[in-house]
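Biologist: I have not looked at this one before. Could you take me through it, one piece at a time?

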Amino acid sequence: MSGQLLRLYIAGRTAAASRAIANLEAIVAGLAAEGQQIAIEVIDILERPQLAEDERILATPVVIKKLPPPVRRVVGDLSEHDKVLVGLDLKEA
Amino acid sequence: MSAETHREGATIEHRPDVAPTGIAGLDRILRGGVPAGRPTLLRGAAGTGKTVIALTFLCHGIAAGEPGVLVTFDESPEALLAHAEGFGFPARRHVAEGRLRILDMRPDRNEVQVGETIELTVILARIAHALEGLAATRLVIDAIDGIEATFASYPSLRSELARVFDWIRERRVTCLITTGERGEFSTRYGLEDYVADCVIALRQEVTNRVMTRVLRVVKRRGGAHETNEYPFLLDAGGLFLVPVTGAELTAKVSDRRLSTGIPGLDAMLGGDGPYRGSTVLLSGQAGTGKTSLACSLVRAACEAGLAVLYISFEESIDELTRNQRVLGLDLARYRRDGHEAAGPEDHQDDHRDDHPKDGLVLRPVRAVELGLEEHLMRVMRLIGEYRPDLVVLDPISSLAGRGHDPAAKETLLRLLHLLKAEGVTLIATELLSDDGGGVSHLDVSSMIDVWIRLRRHENDGEINRLITVVKARGLPISNQVKEFRISGAGLAIEEPYLGTGGIAYGTARLARAAEDEAELEQLDQELERARHARDQLTEVTAAAARLARIEEEAKGAELDRRIAQIEQRLAQIARARAAVSRGRE
């Protein structure tokens, strides 16, 4: 289960975006400590709006896990780490 | 709706500050269209027609060279495309050609929400990206209230939505935002008061189990608009709004006449039939021949090269055609619409003008369950679609005869005004009740130019049809009640019997005439006898005169002879006397 990628979509470097990035990094760091390697890609849709279109994103920050299926999406500033892990199917509920 | 679109294009002046919606009646109410470069709010409960208006607005703009972006928070893009195609807009082609883009902003129900804060900047980024990509000038945001339910848990939603609306306002794009009435969304987010320059409210009400949809322009910043509630029609033919309110009578007055196809009736109307463009009402009880008379007018109009729209409310087209054929009138000959299926047909703008302008179009409108207003609007739309010179409404009483619905009467008046204003001749039949004493219940008589009344005359075990011209504006009319005959040879007006016994029709007329015949014969004989006697008398007199003359002559000759004898005697005496005196000397 290595090589997983989480894409975090933000709309500009807002406070909420920064919080989400920090939260996601903390979550991934926690998983790394358990031996799960997960990469994060941060995409600013202000720079690449077509990606927002393709992913049908309505609100940011949002983190999307494409693989393995099914697709998981978690929206918000990701402040509750457990909920994020469950939402992304990285941890049993 | 396409026909009106064309028509309105000509009459509504193009102003740079308005963007026509493409719905004729709405554009008229809005004095040209929604504010260009500004947001307009369209609110109404589910099913009131918001999306249809929005799609029409977009596709009309695209057809006029303004690319458009459609943002949907509710229906799927596929459903919207199918919807638009259903109304005759080539939406898929628009998408393929890059003139229409649909942004799917339906919320993802599986999305997990975590935290206190969300930002809706991405909505703006996506819209801006699409607008720029297409160089679009029209934007529709459909069912914006859908977003609230999705992100209801976020305290930041309110300020984020306000930001979205501010952005739209600043964007200077002609925008139509639709929203439901749920929880007064539009008021709570200041859409109504602050964001939108124009607010249109749609409403539907059910009275007597019949649904009526109404539209009202609530607000229009920096511009005039009509303030009434307008009923409108929404079906497969699109949205149709009665565009006429307080219309002035600006009828194109015509001096040309239209033959009724019945010489006797033309004669009753001053010789040539009614004026073109007039409103003709044919009133009568059941079976008096209203439809047949109307069909005769239709034939005459078709023969004169006019375009005729016949709207039949009770008889089906097949029945009508058959029944008239029996009377020697082949309506099918004049039809230009062939036998295509009834109902709204394609509404593609491009095809409309391919129709030949003259000929007959027969249309049944039979949905009894419709409200009267909806009924009338269907009629108006058909008229807008076919632009006839002459319209037959058979019978008009099915539109307003019951008279319980003031709105229906108003709409009927609007219809009559509309036809007048367009210079269209109207032939309306009116079914009178048998016990009504021939009184019209339409209560629109002031709008009628020519009123012909048909009635039954029952006498001596038979029914005859009588025809009277009650009024005919501007025409010298016959004030006589005449007989109206319907037979396999067609329609004819018969002079009634006018004799010593009063006026008589039908067989009674014939009977009276027969009585007269006998009397005449008798008189003739009497005359003959008297003449004969007279002649004889003359002869007797002459003979007597001859006899008298002969006797006179005989008597005269006798007297002459006597005179001569006496003169001879006297002469003899004189001679004798002379001889005696000579002897004495």
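Modeller: One term to start with: a residue is buried if 20 or more other C-beta atoms lie within 10 Å of its own. Keep in mind that this is a predicted model.

Biologist: Fine. Which residues of α18(B) are buried, then?

Modeller: They are Gly506(B), Ala508(B), Arg509(B) and Arg512(B). The helix itself covers residues 506–584 of chain B.

Biologist: Why does α18(B) lie largely in the open?

Modeller: Because the number buried is 4, out of the 79 residues of α18(B).

Biologist: How far does that helix reach from its first C-alpha to its last?

Modeller: α18(B) reaches 114 Å, close to the 117 Å expected at 1.5 Å a residue.

Biologist: And the rest of chain B? How many helices and strands has it?

Modeller: Chain B has 18 helices and 23 strands. Of its 585 residues, 43% are buried. If you take the contacts in chain B with a separation of 6 or more, 71% are between residues 24 or more positions apart.

Biologist: What order do the strands take in the open sheet of chain B?

Modeller: The order is β15-β14-β16-β17-β13-β18-β19-β20-β21, 9 strands with mixed pairing. At the edges are β15 (359–364) and β21 (490–494) of chain B, each of which pairs on one side only. On average, neighbouring strands of this sheet are turned by 20° against each other, direction ignored.

Biologist: Take one pair from it. Do β14 and β16 of chain B run parallel or antiparallel?

Modeller: Parallel: β14 (residues 307–312) and β16 (residues 390–394) of chain B pair over 5 bridges. Within that pair, Tyr310(B) stands opposite Val392(B).

Biologist: What holds paired strands together, in general?

Modeller: Strands of a sheet pair through backbone hydrogen bonds.

Biologist: Switching to chain A. What pattern does it follow along the sequence?

Modeller: Chain A reads β-α-β-α-β-β-α, that is, 3 helices and 4 strands. Buried residues are 38% of its 93 residues.

Biologist: Which strands does β1(A) pair with?

Modeller: β1 (residues 4–10) of chain A runs parallel to β2 (residues 38–44) of chain A, with 7 bridges between them. Leu6(A) faces Ile40(A) there, standing opposite it. The chain gets from β1(A) to β2(A) through helix α1 (residues 15–33) of chain A, in a right-handed β-α-β crossover. β1(A) is also joined by 4 bridges to β3 (residues 62–65) of chain A, and these two run antiparallel. In that pairing Arg7(A) has Ile64(A) as its bridge partner.

Biologist: Now the two chains together. How many residues does each give to the contact?

Modeller: Chain B gives 23 residues and chain A gives 26 residues. On the side of chain B, the elements giving two or more residues are β5 (100–104), β6 (112–113) and α6 (121–134). The largest share, 6 residues, comes from α6(B).

Biologist: What kinds of residues are on that side of chain B?

Modeller: The side of chain B that touches chain A divides into 11 nonpolar, 6 polar and 6 charged.

Biologist: You mentioned β6(B). Which strand of chain A does it pair with?

Modeller: β4 (residues 72–75) of chain A pairs with β6(B) in the parallel sense, over 2 bridges.

Biologist: And which residue of β6(B) is the bridge partner of Val75(A)?

Modeller: Gln113(B) is the partner of Val75(A).

Methods:
Residues are numbered from 1 along each chain as its sequence is written. Chains are lettered from A and ligands numbered from 1 in the order in which they are written. This is a predicted model: local features need pLDDT of at least 70, side-chain atom pairs count only at pLDDT 80 or more; totals for chains, interfaces and linings use all residues. Two residues are in contact if their C-beta atoms, placed from the backbone, lie within 7 Å. Ala, Val, Leu, Ile, Met, Phe, Trp, Tyr, Cys and Pro count as nonpolar, Asp, Glu, Lys and Arg as charged, and the others, Gly among them, as polar. Two strands pair if DSSP finds at least two bridges between them. The expected span of a helix is 1.5 Å times one less than its number of residues. A residue is buried if 20 or more other C-beta atoms lie within 10 Å of its own, exposed if 12 or fewer, and partly exposed in between; C-beta atoms are placed from the backbone. A crossover is right-handed if, with the strands pointing away from the viewer, the path from the first strand over the helix to the second runs clockwise. Axes are lines fitted to C-alpha atoms, for helices over the stretch in contact, and angles run from 0 to 180 degrees between N-to-C directions.
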